[in-house]
Amino acid sequence: MLSTITVTPAGVTPVITSPLTAVGSVGTPLVTYLIVATGLPTSYGATNLPPGLILNALTGAINGTPTQAATTFVALSARNAGGTGTATLMIVIAPSAAAPVITGPTSAPGTVGTPFVTYLIAATGSPTNYAATGLPPGLSVNP
């Protein structure tokens, strides 16, 4: 009696072919970045993603809303039975394009001849400097 033996070749290690740069800005949802690879990957990985971004390990989709401006190098991987393919993705997150909005109180009481308690200008959008006009004599702002 003859038996038939079928040998299945080992899977081919994936090769990541998607672009290796992505850009976004703080507070703006990132248009989905998709890890694309040859070799029919069964799962994906991404380490060192910027804060606010997440990976769907089954689809290779990276999305979310970045929370900090920075340039980050992310280690990508695509896996199948044949092995793991890797690449490095550079994600550049720019500061928020939106103008800051003052969120703190817009008035502060004071008494002539008494030291003024510090007033902190609180604002959204990660302001890079501060200013105030029309301050009473003797008061100034630290930009």
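Two strands count as paired if DSSP finds at least two bridges between them. The strands themselves are DSSP runs (E, at least two residues), numbered from the N terminus. Strands of a sheet pair through backbone hydrogen bonds, either parallel or antiparallel. The structure here is a predicted model, so local features need pLDDT of at least 70 and side-chain atom pairs count only at pLDDT 80 or more, while totals for chains, interfaces and linings use all residues. Residues are numbered from 1 along each chain as its sequence is written, and side-chain values use heavy atoms, with hydrogens and water left out.

Start with strand β5 (residues 61-64). Strand β2 (residues 30-34) pairs with β5 in the antiparallel sense, over three bridges, and here Leu-34 has Ala-61 as its bridge partner. Strand β4 (residues 53-56) also runs antiparallel to β5, this time over four bridges, with Leu-53 opposite Gly-64. β4 and β5 make a hairpin, with four residues between them. In that turn sits Gly-60, whose phi is positive, at about 85°.

β1 and strand β7 (residues 83-94) pair in the parallel sense over five bridges, and Val-23 faces Val-92 in β7.

Now for a residue of strand β6 (residues 70-80), namely Asn-80. Asn-80 counts as buried because its relative accessible area is 14% (buried is under 20%, exposed over 50% and partly exposed in between, with a 1.4 Å probe and protein chains only). Its side chain reaches the backbone oxygen of Val-12 at 2.8 Å and the backbone nitrogen of Gly-82 at 2.7 Å. Leaving aside residues up to four places away in sequence, Asn-80 touches several others, including Pro-14, Gly-39 and Thr-42; contact means heavy atoms within 4.5 Å.

Thr-42 itself lies in the loop between β2 and β3. With a relative accessible area of 55%, Thr-42 is exposed. Not counting residues up to four places away in sequence, Thr-42 touches Arg-79 and Asn-80. Thr-128, on the other hand, is 86 residues from Thr-42 in sequence and 44 Å away in space, C-alpha to C-alpha.

Key: Polar contact = N/O pair within 3.5 Å; in protein donor to acceptor, adjacent residues only side chain to side chain.
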